[in-house]
Each structure stands twice: as structure tokens, then as C-alpha cells.
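Hi everyone, thanks for coming. Please have a look at the model on the screen, and then I'll walk you through it.

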Amino acid sequence: MQLPESEVAVLEAANADEATPVDALAAATDLPPETVTGAAFELEEQGLVAVTERVDETISLTDEGRTYVEDRLPEVRLYEAALEAGADADPVSMGQVIGTSGLEGAEVDIALSNYARKGYGSIEGGEITADSDADPAADPEGNALESLADEGTLEADDVLDQLERRGLVEVSETTTREVELTEQGVTELMAGVETAETVGQVTPELLTSGEWEDVEFAEYNVEADAETVEGGRVHVLREMSERVKDVLVGMGFEEMDGPHADADFWINDCLFMPQDHPARTHWDRFALEQPTHIDELPEDLVERVERAHREGVGEDGEGYHSPWDEDFARALALRGHTTSLSTRYLSGTEIGEIEPPARYFSVEKAYRNDTLDATHLLEFYQIEGWVMAEDLSVRDLMGTFEEFYAQFGIEDIQFKPHYNPYTEPSFELFGTHPTTGELIEIGNSGIFREEMLEPLGVDCDVMAWGLALERLAMLTTGAEDIRDLHGTLADLEFLRNAEVTY
Amino acid sequence: MPTVDIDPDELRELTGREEKSDEELQEDLFGLGLEFEGWTDEDEFELEFAPDRLDRLSVEGVARSMRYQYGDSRGVHVPSTNSADWTIEVDESVPDERPYVTGAVIRDVDLDEDGLDSLIQLQEKLHATMGRKRAKGAIGIHDLTMLKGSAATEGSPTIRYVGVEPDEDRFVPLDSDAELTPAEVLEEHQTGREYADLVSEYERYPAIYDDIGLFSFPPVINGRRTEVSTDSRDLFVEMTGTDQWTIDKMLNIVCYALAARGATLEDVRVEYPDSELVRPDLSTKTKRVAHDRIETLLGIDLDPDDVIDLAERSGLDAARSEDEATGNEESSITPLEDRDGLEERDGPVGSDESNAEDAASTGDLVYEVTIPPYRVDVLHPLDVIDDLGRAYGFNDLEPRYPEVGTVGGRHERSRLERAARTQLVGLGFEDMLNFHMIDEEQNYERLGVSPGEEVYGAGEPATIKEPYSEDYTMLRTWTLPSLLQVLENNTHRAYPQHLSEVGFAAELDETENTGVGEGRHVGAVLADHEAGYEDAKARLQALARDFDVALETPATEHPSFISGRAADVVIDGEPVGVVGEIHPKVIVEHDLEVPVAAFEFDLEALR
């Protein structure tokens, strides 16, 4: 008959008179033990050998156990210190005894929890007594450890169980397999066993010729690491953005798109931000040097926005007591928030009038001339969303945001009343960090003011919120420096090793 | 966000809650939206606040809000004022840029060190916020006993707000021993230099005189003669600015703070050339708030008595209106009728034709809500509803998911971006995400091109006026410079490095309304030991096939690429990009030691 090389070797090395352990066969055949075992089972299936198994138990000391062989058990040391302090006569303060015993750290607890159990004395109300009849030299656990250290063996009994519970010894099982030739095996060997040919690569020729039926495939080391493949992959922050978009689309939100360099009119004036608001004059804004101004703004809208700023909206409305200048409104800047998209959409100039109910979102870049550090970038992705409907309430706002954040494992949202010039009521959103449990700020929200909506021609309620995508990504991926992710300083190694977000 | 420092002992005293621990106070303050940030060196609370309630810029205002929160105060309280003795006369010579003034006399103040510190802090915080760093409103507080007013008007002592030539007169400013002219103050005095920009363009400088002479140079600095100390018993508070309403409100906040310390307020006449005011203006305002709107906005049913209770606990007064509701504030534009300030109007100038079309849908109940004179943040009935919500406790509201069905979807551009990115990743590219801001050197010079050059990627830049740093002075006109920078920063990482980016790029474009042509580019670099033209072209071809577009690559010259190994990317007959082997001078410039093949084209071409 024909057999693979390894099986032939094992068959020839095995004995019909006595069972041979796998290790011995491995030595005789110069094959790895696992190959011998595999071959033996193959041969057993064909009835050529019998494989028997024996389970052996070995007991060994743990590191802690070895320490106690040297130093003796903590409870014994405590007992001796107690005796020395005269605790066999009168109770002695625990602190004093522990001090002289030299026990430290976890050893103190170990000593205390075994002391009374083993009859060395009692511990009560911070005082310790010592039983003068106790004999540390006869401590069965101590003796068992010693004999294990000296002779390497130990009878399996109660003491062994106790030592195992205390983590001082380890009991491990090893399985020894032995192989013995069967009669059939002897017969086949007598008749002659040949080595079958083995092949490496499966080739088209092998397949088409039918030769594959007669060959044995050489065994590969299937456990070894293969070469690293750097396949293409989507950027980790982009994955997060896709995930957010999935969630929002699933919640019925439609995506907005629009210019990054835009007139302050759309970025701020339409948001009812007074022109002398510190955020507008402050240099955290990226005003454009070239080009400077937008060509055209819808005239009637400019008029309505100016009136809202100057006079307010509604019968009791009041405006800001701030200057308003159209030239200032036409100045171009990189948008400080993507709410400029919302004002464009709400005004009806982007896709025509939007009728309630409607939900819109964007996950797009905004620009802030702030500090550049591990958690702040000059450019970041803002998640912006709004819901337009008749008679929206603060409760609807809370319900919507709870649902959104729950998708990212952020529960127990708290709403802290806040101030924004363009929303009222306004809330800062706080949530519990999914892993650290800290309360963290996760967004800003509110119901758009009528001074903002009325000039835009919206006559129902709109609630909105925003947060930085990077913040959500750092929360859910655990990234510590945002610059590893975003920008030209990105570390390819970090991106390659980043866990996939889905 | 701004901060205010509050002495907890003073807070306990002014609220009458001596038993409150520091921790309890901090918790109560958080309820007002004042977040405890830490302790100051003087053992005071440093509190962070949102800049709407500017009446809480000092311990007196914070204490007032807390008394409402505790229920120890209810409703609107307006301190009484004694009739005017003093007059501020506004001269024709006052600079046009800063025409407004207001003032009040405060008598029988008892300022200890803490009280004086609090007053100074209030002044500083008002300057920083409402006063817009003194540009819009500046406060001067003087020791009244040091002023001498002549009887210009019917025996009333008078001070005069005038404009002076920069070097016309002299006075000794605070923190100085020398007599200086206003112009010298701007050059030589520390505070003068700090605020010089506010007035240096003026032809005439603002100045305030009494009978003795010049004693204040607003908005820059007061004179030493009238400096306030803990011995001062009577004060003259004047404010100048660019808007009457703003300085009147700032004055109200200061008056309320001093009245809370037991002082007596006294009116001051302000005589403009053609009108006269009496200040402080402690008149209240009224907002009409519909019951229905309160209920829909908070999402709860409320009993009218509860609404009135919530209002009083917010320091407001509310009464059911006798009139019928005039309806939804959202849909009508009503010209302002009752704006406070200089141009006070006699009666309504606007129309009363407010839209009442859906007023009667859920009842006509309307409240007349009285707003105290220290509030500067109540512009609209909505702001009253926010107060009611805070008093009710927003976090006691039960969230609900709005039962409103809408259809979600991605923007087409965003779907195209995603599809391109997916195909690139399938072709083995690592997706990058780079900054949109860059500088001229990176964007042009290091790639061997110059701004406006007639080659792909070298369009004229949109530039930033005040960049964060010299590395971010413009919007990138193409993506290859960013991708080459990533390669440059990752030479210690394993090769091959095949990077791509589907990202934003922009250049000047006069045909656009904003003057900036914004687009998305598909950029890719192949950096490895064997990278060559064919590798880039092969992947470009694959993309063209994936999106079913016709690709041609006629030879071209591009300074960033090796001559003879560069081609225009022509898709469906339109030149939309470039493909080739990056020129060695560009590779070496980026400290790379491997060949780089690359392409970049407009994403639109795949549509």
C-alpha cells in the first residue's frame, strides 16, 4: 500500500509488542511530535495501529509558593511575631505585631485570613492573641510546600486542595499518547508499504491531469505568521463619519451640502448673531484676504435679516442695540460652523422652500482660528442636524438627541440650560463616557429663535444641534491625539492599526 | 466663556443663607448655569457663565438670582429713586463717534474693601461684555463730594460732557502724579496706551468737566481727583458710549448692585442739545406671552396659576391679560414700537395689524409679563418661556421622540465621494484625510509650480487674512501637496505606501458668487521601490472603467512630473487632471528615497 511519508515512518517505528510513547516515536522518526500524533491517528483510522492515552497529573509550586518555602507562610510569621510580643498571655495591638513580623502589602491580609482558621490564635477588635499550643513546625501546609520543593511530589489530599485554593501550587494535567502496531499493521508492513509522493503548490497541471488523486500534499506550518499585507482601507475618521451618516439617514435626515468659504451673512447674520458679538470680531474667525466679499445676497432676505437685528421680530420683539452693516455681512470667511448650510437651506435658496416636517443634516468641515493641540484642530468635522415641524417642544428635542447618542452607546443624556444667540431655549448636552463613566460635554443644541426663522421665511419650529465628529471619534475609538488621525502629520502606522469602526 | 469671582461669605450674607456650605452654594449656582471652575487666590469662587445674564456679573446680582431660586424673593422689585439734583449737560462739541451719556447719583453707600472690589469687578466685567471692551459703553464712577457743579440750570449742579482738542487741557489721571493732556495719556499712561485705539482716530476727544475742570477722559481713564475709596459716601456714576440703550442698561445693573448694598439712588438729568432724559431709567418692560405657546414649547400642560408662580420665581411678574391674544409672533413682522432709549417715540409708530389667524386654536389666554430693568437678555416672549422652563426644571421634562415621519438620504455629492473612495480602497489605496488649509510654499513651490500657472492644480489661491500660523495661509488648490507631505512624514513606515484622498480643493473663480471655486479632487500617490507611470495609469484606468467614463491620457508637460512621463487626464473629452511620475526634484524636496507615481483629477468627472 502507499502511505504519506510521515505515516510510513511512524508505522515502521512502532512496535507490535509494546506501546511506544509519541515522544519516543518523534525521536526515532525525526518528526515533530504533532506530526507523529497526526500520523498515528490517520493510521489508527485505517486499523494499522492502536493509540492509547494516559493522563498524568503534575504538581508544581507557584512563584508565591516558592517564596513561602524560603520565608515560611505569612500566618506562621505572624504567629511568631505575636508570641514574641507576648500575645500568648494577653491580647496585643495588631499594628505592633504586624510591624515586628515584617509582613508587607498583600501578605498582611493573607496572614490575617489564615491565622484563626489554622488555630494560631484569634484576632478581634484590632488585637491579636496567640495560642501557645499551636505548633508551626507541624503546619501541614508549610510541610507540604517543603516536601514539594524538596522531592517534587505530593500526595493529592485535602492539603493539596487547600494549597491550590491559596494559589501556592499548580496542578496540571498532561496527556501521553502511546502507539502500538495492530495485527493488520504487521501484515501490511510484511506486505510492503511505500511512501506516496508529496507536492507543494497545487498547479493547474496537477488538477487537469488528475494526478492530484495520487499525491499527498506536503504539510505546511499553518501556525506561522504570514507576510504583512497593507491593503487599502478607509480612513478611521471617515468611517466614523459614515457611521454617523448611516444613523442620521436611518432617523430620516437628509444631507446638506454647500460652500466652505461663505459670506458672514450666511454664517452669522442669518443666525441672529449681532455684528458686534465678540465671536465675530474676535480673531478666532478665518476671514478671507482674497476674495473679500460675496457678489450677491438675496436682497429681500438681507432686508429682513437687518430688520430682525435692528428691531426684533413679533409684536413685543426687540432687536439688538448693535450696529448692522451690509458690507460686514458680505465679507467672506471660512465657515466657523456648518450652520451656514442650515441657514442657506432654511432660506429656500438652496433647494427651494422646505415644507415641514423635515430633517436635515451635514457632517462637514468647519474652521476655527483657535489653538491647535491634542484635542483641538483648526479644521474639524461638525455634525449638524435640525428638525423642522409644527409645534416642536423641548421634550421632542430631548427625545431626538437621546435616540441619536444611544446609537453610540452614550446614555443618560443631561441637558444643561445654556445661552446661544440663535437658539432659545438652548442646552449643552452632557453624556456618560461609554468606558470611563465620566460626565462629558457632547454637544450644543436648542430651538432656533424666531428672530432667526422669521426672516428666513420659516413659520414653524426648528430644533437643531451640533457637535464635533472628532469628539465622538475620540470617545468611541479612544484616540488620544487627534493629530494622529487628521492632517498631514498623520501616522500611517496608527491608521493601519486603527480598529475598524462600523 | 467669561468668568466672575464671587466671595462665598458675601454670597451667604446677601442671600441671608448663612447655613449654606461652600458645596451647597456651588450646587445651587450650577442650577443657575454658573459653573464652579475653582478657587481664586483670594479664596473666592471662580464661576463660569454664559454671557446672557449680565445682571449676574457681581455677587449682588448672583445673590438676587439665588434668592429667587430659593423662593425668598418673588416677582419684580424696582428700587425707588430720589428726584434729580445733578445734571449732565451734553455739549455740541461731543465727538460724533461717542455721542451718548447717562448717569446716576448714589448716596449713603457703605463700601468696605469687599464692596469696593465687587464694584470694580462689576465695572470691569460690564466693560468686557456689554461695553465691548469700552468701545460701546464705558463706566466712570466718581466720589461725588469731590465734584463741584455750578448752577447752570435752575440751581442744579451740573457737569458737562464735551469734546476737547487732544492737547487742549490737562488733568492728573488715575495711577499717575503728572498732569497730562488727553493725547499725552494715550502715549504715556499704561491704561491710556491700552485703550488708545478707541479714540485715536477722533478729531476731538470725549471729556467730562465740572466747575473745577476736566475730571474724566472717557472711555480711557478717570482723573485722580474723584477717585473712589472705601471712605466715599456718595458716588456719581457716569457712562458714555455709542448706544443709549446699552449704557442705560449697564447703569441699571450698577444701580441695582449698589441698591442691594443699601445705597439710595438719585436721578440725574441728561440734557442733550435737543432733548432731555432722566436717568436711571428703571422702567419695566412688558412681554405678552401666550399660554398656548408656553405649553407647546415646553411640551407640558400647565395651570395658569403655575405659570404665574414660575414667572415670579424667575424674578418676573405675570398677569393674565384682559385682551384677546394677538397671536403668533412667528409670522408677522411688526416694527418696533417701544424701544427704550434716546429716540423715545410717542405712541406706536408701527401697525397693530398683527396676524391673529391661528391665535384662537387652543385658547386665547395671554400673560402680560413684566421684565425688570436690569434684564438685558429678554428680546422676545421666547426668552420668557426659557425662564419659565428653567424655573420648572428642564431636566424634569420627559423626553419623547417626535412622531414625525421624514425620508432620509445622502446628498449626491456625498454618495459619489463615498463610491470613489470605496473603489480606491479596493485598488489598495489607504484613504487619507488632510487639512484644507496649507501655505504657498507647500502648495506650489515644493511641487515646482507657481500660483496661476496654466497647469493642473496651480490655480490662484483663496487666502486667509489672519492665519493661525504661516503653515495655514490659504486653501489648498490640489491634494497632491498634502499627500506628498504625508509621505514625507512617514518615511520610517513600511512601504509600499499607496495613499489616496477624495477631498476638498479650492481656487479663485470669478464666475462663482463667493469668488471661490470649490471642488472635490481625487488624488493618489504610489510610493514604492518599483512604482512607475504604468502603476498610476492602471489604477486610473480601473477607476474610469468602474464609473463607465472614457479615459484618454495625451502627453503633457507639468513641472511636478518627469517630462515624457506625464499626461493630462481627459475624461469624456474634458481635461480634468494629471497623471505621471513625480519629478525627482519634487521627490528629493520631500526627503523621499523611492519613486512616486501619482494622479489627481476632478471628482465631478466621474459623475
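Let me begin with how the helix angles work: axes are lines fitted to C-alpha atoms, for helices over the stretch in contact, and angles run from 0 to 180 degrees between N-to-C directions. Helices (H or I, at least four residues) and strands (E, at least two) are DSSP runs, numbered from the N terminus.

With that in hand, look at chain A, where the axes of helix α5 (residues 74-84) and helix α6 (residues 94-101) come within 8 Å and cross at roughly 115°. The crossing of α5(A) and α6(A) is right-handed (left-handed if the near helix is turned anticlockwise from the far one by less than a right angle, right-handed if clockwise). On α5(A), the contact uses A:Arg77, A:Leu78, A:Ala81, A:Ala82 and A:Glu84, and on α6(A) it uses A:Val97, A:Thr100 and A:Ser101. Contact here means that C-beta atoms, placed from the backbone, lie within 7 Å. By class, the residues of this contact are four nonpolar, two polar and two charged. Ala, Val, Leu, Ile, Met, Phe, Trp, Tyr, Cys and Pro count as nonpolar, Asp, Glu, Lys and Arg as charged, and the others, Gly among them, as polar.

A quick word on the source: this is a predicted model, where local features need pLDDT of at least 70 and side-chain atom pairs count only at pLDDT 80 or more, while totals for chains, interfaces and linings use all residues. Residues are numbered from 1 along each chain as its sequence is written, and chains are lettered from A and ligands numbered from 1 in the order in which they are written.

Staying in chain A, at what angle do helix α1 (residues 5-13) and helix α2 (residues 22-29) cross? Their axes cross at roughly 110° and come within 10 Å. That makes α1(A) roughly perpendicular to α2(A) (under 35 degrees is roughly parallel, over 145 roughly antiparallel, 65 to 115 roughly perpendicular and the rest oblique). The crossing of α1(A) and α2(A) is right-handed. Here A:Ala9, A:Val10 and A:Ala13 meet A:Leu25, A:Ala28 and A:Thr29, giving five nonpolar residues, one polar and no charged.

Now, how do the chains meet? 90 residues of chain B are in contact with 89 residues of chain A. The chain B side has 36 nonpolar, 31 polar and 23 charged residues. Strand β13 (residues 286-290) of chain A also pairs with strand β20 (residues 463-464) of chain B, antiparallel, over two bridges; pairing requires that DSSP finds at least two bridges. In this pair, A:Gln290 stands opposite B:Thr463.

Over to the sheet in chain B. Seven strands form an open, mixed sheet in the order β18-β22-β23-β27-β26-β25-β24. β18 (430-431) and β24 (551-552) of chain B are at the edges with a single partner strand each, so one side of each is left without a neighbour in the sheet. β24(B) pairs with strand β25 (residues 561-571) of chain B in the antiparallel sense over two bridges, and B:Leu551 stands opposite B:Ile571. Helix α14 (residues 533-546) of chain B packs on the sheet, touching β23, β24, β25, β26 (574-582) and β27 of chain B, and its direction makes about 30° with that of β27(B). Helix α13 (residues 480-488) of chain B lies across β22 (497-508), β23 (516-527) and β27 (596-602), running at about 35° to β23(B).

That's my tour, thank you!

Terms used
Contact = placed C-beta atoms within 7 Å.
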